[in-house]
Amino acid sequence: MGVITKVALGKFIRIARGDISNYADVITQAASTAINETAEEGICFGDPEEAPPGDVFINKAFFAEKKVEDVYDETTEEYTVVSGDNLSVIAGEYEGVSYQDIMEENGLTSTEIDVGDKLHITSRTKVGETTRFEQITAGNIGEEVYIVVEHFGTLSSLRATLKEKEPLLTDGGALAVMQDDSEVTAIELCEPEEEELKGIYYYAKIKLRPEEDETLETWREKLQDKELVGYSDTENQRTVSPEAFGAMTPIGMEPIYDTVKSLLSIEVEARAEEGDVVYCGRDRSNVFLNEDGEWFEVGGATCYCKLQGLLNTSCGGKGSSITDELYEQESERLGVESAIMHAIAKQESKRNSFWEEEQATILFERHKMWKYLKEDLGKTDEELKKLKDQYPNIVNNNSGGYGSYADQYEKLRIAKGIDYTSALKSCSWGKFQVMGFNYDVAFETPEKMEKAVNTCEVQQFKFFIGYLENTNGLIQAMKDKDWEKIAEKYNGSSWQTFNPEYADNLKDYYDEFKED
């Protein structure tokens with residue numbers, strides 16, 4: 001560790017790199033002193049015998065998402081309930097207030113209120129926006145990301161280049177990306193327009209792709225190659241690294257594959273005055289994210305179907321549609337008519353397989369959310385009742401409250417805020433509306449299931465086939481064309497209560513597809 005000394009500069013503080021984690025208090029002072037452009041003294045980190053390399057210190061460089069968030073002014077007042085009021089009517093009188101907000105602020109466990117009750121209501125008025133950057137560690141080819149550099153001192157210019165750990169998409173030089181509709185290898189970063197970011201960051205928005213579509217497809221193909229990342233030891237419920245076995249293949253373990261990744265670092269060049277490179281960064285190096293655990297991973301937007309051997313050609317993460325050939329292939333393998341599969345799909349999702357781009361059609365089941373919060377997380381009845389009072393259509397011991405298709409993703413969003421995994425397990429997904437709690441018939445985790453079926457219709461089909469194969473008696477019922485038994489196996493023993501026309505619909509749809 002270096003020592004701290006003062007040096008005369010006549011301008012901004014000069015910082016040479018020792019180990020800044022040991023000088024947190026001094027850096028705070030330095031940052032505030034640096035605001036004064038006429039400062040006569042500066043602080044030097046490192047050995048005073050060694051000349052500091054410049055007037056600029058680059059603290060870090062990273063990839064990021066840009067987050068723009070609303071800023072609100074809050075006002076709280078007391079409201080007296082009058083005749084004809086209910087919480088929804090009252091909430092409508094205040095900006096940014098819902099009836100749930102009033103319940104939570106006043107500790108109400110039900111929506112019942114009486115004339116004369118006093119309620120505290122906090123309204124929120126939007127007064128502006130604030131911007132921040134959130135560091136990310138991975139991205140896909142074709143995506144837009146930000147390159148962000150955090151600095152102390154005044155810059156006249158700053159540029160960055162992206163370098164691969166091992167040449168995959170390049171010949172060892174800088175990676176070409178798109179910036180302002182032009183392909184560049186030297187990325188020019190600009191001072192922010194946002195006041196809250198000035199003096200802290202320089203940044204640039206780029207797209208992780210070359211200009212030529214042909215080169216882009218070559219990149220995607222390279223990033224769809226499989227590599228062995230481990231072995232699944234189901235007996236001991238663990239994952240084992242391939243290095244543990246060397247060149248040997250372990251007996252009784254399933255290999256786990258993933259697509260290859262390009263690992264990127266960021267090389268920074270900063271200038272205090274035109275033509276004069278005065279960079280001083282971590283360990284007197286201008287390269288960031290080049291240590292184990294720091295590299296930025298670039299993938300090809302995983303094609304699950306190619307990775308699993310379902311298709312020979314990669315979709316580049318854009319998803320693939322179920323073909324008639326795929327229906328016929330699985331129909332022959334299972335010994336059931338493809339027209340029955342089509343009939344189930346039409347009954348389950350009369351609309352499209354996707355609600356919007358990268359959003360599979362879903363139906364949220366609030367009673368399942370109750371079930372998994374209780375069984376998986378150990379929520380008590382008292383805790384569940386409180387959630388039910390606050391979110392009756394999200395957590396409930398009774399089924400129902402479905403609402404429209406347009407309501408489903410807002411329900412899922414709220415449910416994820418309570419518990420992400422339970423929320424995924426409480427939805428039926430995609431063209432065949434398989435419940436999320438069945439995820440393990442085709443996927444390792446609910447989260448992997450969500451990503452796959454939101455991307456690709458073939459993955460929805462894989463989920464459906466897995467459900468058929470793992471539901472006792474369902475395939476036989478399909479072979480027998482026992483429509484009521486299919487309805488029971490697919491929708492449970494109470495299907496006649498909730499959807500008495502299900503079995504008849506299946507037969508009608510089967511006849512329709514059979515004729516085609």
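Here is a walk through some ring pairs and charged contacts in this structure. The model is predicted, so local features need pLDDT of at least 70 and side-chain atom pairs count only at pLDDT 80 or more, while totals for chains, interfaces and linings use all residues. Residues are numbered from 1 along each chain as its sequence is written, and side-chain values use heavy atoms, with hydrogens and water left out.

Let's start with the rings. Rings of Phe, Tyr and Trp (its six-membered ring) pair if their centres lie within 6.5 Å; planes under 30 degrees apart are stacked, over 60 edge-to-face, and the rest tilted. The count comes to 16 aromatic pairs. Take Phe464 and Tyr490: their centres are 6.3 Å apart and their planes at 55 degrees, so this pair is tilted. Phe464 is in helix α13 and Tyr490 in helix α15, 26 residues apart (helices are DSSP runs of H or I, at least four residues, and strands are runs of E, at least two, numbered from the N terminus). Phe464 is buried at 0% relative accessibility, and Tyr490 is buried at 9% (buried means under 20% relative accessible area, exposed over 50%, partly exposed in between, with a 1.4 Å probe and protein chains only).

Now for the charges. A salt bridge puts a side-chain nitrogen of Lys or Arg within 4 Å of a carboxyl oxygen of Asp or Glu, and the structure holds 28 of them. In one, Glu74 meets Arg124, with the closest N and O atoms 3.6 Å apart. Glu74 sits in strand β3 and Arg124 in strand β4. Glu74 is exposed at 52%, whereas Arg124 is partly exposed at 31%.
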